Amino acid sequence: MSDLADGWQVRRIKPRQGLLAQALRAAELGDLLCEVMLARENVIEDAHYHKLVPNQFVVELPTDEFQHSYAPIEQEVGLQWREKLLNHLTTTNSRQGRREYRFGGQVGVAIRAAADLAAGQARIWSRLAPDAPPEEPPTGPLPACLEVLPDGRRWPLRSGLVTIGRDPGGDIVFDDPKVQELRLVSSQHAYLRCAPGVYRLFDGSPDGAPSVNGTYINRVPVPRDGQLLQDGDFLILASLHPLTPQLNTPGVVGLRFRADCE
């Protein structure tokens, strides 16, 4: 029996018909999470006709399957599922031609064992919780960093979500007087989702609001679903001329991604 509180909706996953009971793969569960997120019974419409979708998820698995297949990589899988949900919502809105769907709050995904589930079964709990703190992966240090150009200042990266911009409450904050004065770089200009060996850069804030003047990797705009960084990539935050972003524009920030700064 689950001990989750009121407000949670549940989707029970049964073994596929005609097949021997097999453990559900992480990719399959990721697809099911996306289905649950956009299920009609889980979507709430606000006063502005925006459709709010769940932002908190708990995936329950049979104890043996959890211990064998998920517990050793629980943190990485949770981060991958969360990124899949974010990307799926972005893609859905792009197909609609407008930002119709929005998360009800910060997104968190947890995985745990459930003794009452048999092989091939699963439960996915979901809820819309605006005030609930996200269940972040551990924020341990990683070897990579962002190097500010041209002065060489380095910002070390850590696992999880890393926000970038002028906002003093962010993780990487540009307090240079010219950047603060000209405001070409947005308060929440971009963000990273980081895991060991995987660093994906997104434009805008984690809630989906884009930056005002764009984010560029090697002078190419970052796509809506983000882009994986490679060692040596050159980042520009903000451009008055999107087709020809330039680092020498006052108020613009340039960064170099380094995969190993240790």
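**Reading the model**

A: The chain averages a pLDDT of 86, and 90% of the residues score at least 70; pLDDT is the predictor's confidence in each residue, from 0 to 100. This is a predicted model, in which local features need pLDDT of at least 70 and side-chain atom pairs count only at pLDDT 80 or more, while totals for chains, interfaces and linings use all residues. Residues are numbered from 1 along each chain as its sequence is written, and side-chain values use heavy atoms, with hydrogens and water left out.

Q: Where does pLDDT stay under 50?

A: That stretch is residues 133–138, for which the model has 15 contacts beyond four places in sequence. Contact means heavy atoms within 4.5 Å.

Q: How is a pair of aromatic rings described?

A: The description uses the distance of the centres and the angle of the planes. Rings of Phe, Tyr and Trp (its six-membered ring) pair if their centres lie within 6.5 Å; planes under 30 degrees apart count as stacked, over 60 as edge-to-face and the rest as tilted. The structure holds three aromatic pairs. One of them is the tilted pair of Tyr 70 and Trp 81, with 6.2 Å centre to centre and 40° between the planes.

Q: Which parts does the pair of Tyr 70 and Trp 81 tie together?

A: Helices (H or I, at least four residues) and strands (E, at least two) are DSSP runs, numbered from the N terminus. Tyr 70 lies in helix H2 (residues 63–70) and Trp 81 in helix H3 (residues 74–96), so the pair ties together parts that are 11 residues apart in sequence.

Q: Is Tyr 70 buried or exposed?

A: Buried means under 20% relative accessible area, exposed over 50%, and partly exposed in between (1.4 Å probe, protein chains only). Tyr 70 counts as buried because its relative accessibility is 3%. Trp 81 is buried as well, with a relative accessible area of 4%.

Q: What does His 88 contact, leaving aside its neighbours within four places in sequence?

A: His 88 lies in helix H3 and is in contact with Cys 34, Met 37 and Leu 38, its neighbours within four places in sequence being left aside. At 28% relative accessibility, His 88 counts as partly exposed. Between His 88 and Ser 126 there are 16 Å in space, C-alpha to C-alpha, and the two are 38 residues apart in sequence.
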